[in-house]
Amino acid sequence: TEAKEMRVLLERCARKMMNRAMAGAFERWADATQEAKEMKTKLRRFMLRMLNRDLGNAFGLWDQHMEDVRREREAALFNGQIDALKQKQLQKFIVKFQNAMLTKA
């Protein structure tokens, strides 16, 4: 029976050692998994930040381009109105000139 008790004690001791080794391995795996998860989250945030920066820059360029287009349209419209006004004045002058010539004749 003493040999039997010794065997039981040795088996318990061996199980405890195996459990410690397995617990240590599990602990290392859990730590590595947590670290990988954190790195993935950091990388995702970094990529989103870069993407948002690029999108922001692209939107800024587009907005500036549209502002330039609006100004060009306004300038063309304004120039067109001035040209139309000049043309009206020129037509009035021609009509007055023709009338003046007709009255002299």
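Glu-74 counts as partly exposed, at 45% relative accessibility; the class lies between buried, under 20% relative accessible area, and exposed, over 50% (1.4 Å probe, protein chains only). Salt bridges that share partners join Glu-74 to Glu-67, Arg-70 and Arg-71 in one network. A salt bridge here is a side-chain nitrogen of Lys or Arg within 4 Å of a carboxyl oxygen of Asp or Glu.

The model is predicted: local features need pLDDT of at least 70, side-chain atom pairs count only at pLDDT 80 or more, and totals for chains, interfaces and linings use all residues. Residues are numbered from 1 along each chain as its sequence is written, and side-chain values use heavy atoms, with hydrogens and water left out.

Now follow the network. By the rule above, the count comes to three salt bridges. Glu-74 pairs with Arg-70, and their closest N and O atoms are 2.6 Å apart. The two residues are separated by about one helical turn because they sit four residues apart in helix H1. Arg-70 also bridges to Glu-67, with the closest N and O atoms 2.2 Å apart. That pair lies in helix H1 too, three residues apart. Glu-67 in turn meets Arg-71 at 3.5 Å, N to O.

Glu-67 is partly exposed at 24%. Arg-71 is partly exposed at 47%.

Elsewhere on the surface, Glu-27, Asp-31, Glu-35 and Glu-38 gather in a patch of negative charge. Such patches take residues with over 30% relative accessible area and no salt bridge, and join like charges within 9 Å. Glu-27 lies in helix H1, which covers residues 2-104. Its relative accessibility is 48%, so Glu-27 counts as partly exposed.

Step back to the whole chain. It has one helix and zero strands; helices (H or I, at least four residues) and strands (E, at least two) are DSSP runs. The radius of gyration is 45 Å, well over the 13 Å that the globule rule gives for 105 residues, so the chain is more spread out than a compact globule. That radius is taken over C-alpha atoms, and the rule is 2.2 Å times the number of residues to the power 0.38. The C-alpha trace spans about 150 × 15 × 5 Å along its principal axes. Buried residues make up 1% of the 105 residues.

Note on methods:
Patch = residues over 30% accessible without salt bridge, like charges linked within 9 Å, V, L, I, M, F, W, Y side chains within 5 Å. Areas by Shrake-Rupley, 256 points an atom, 1.4 Å probe, with all protein chains shown as cover. Lys, Arg positive; Asp, Glu negative; His and termini not counted. Charge placed at Lys NZ, Arg CZ, Asp CG, Glu CD.
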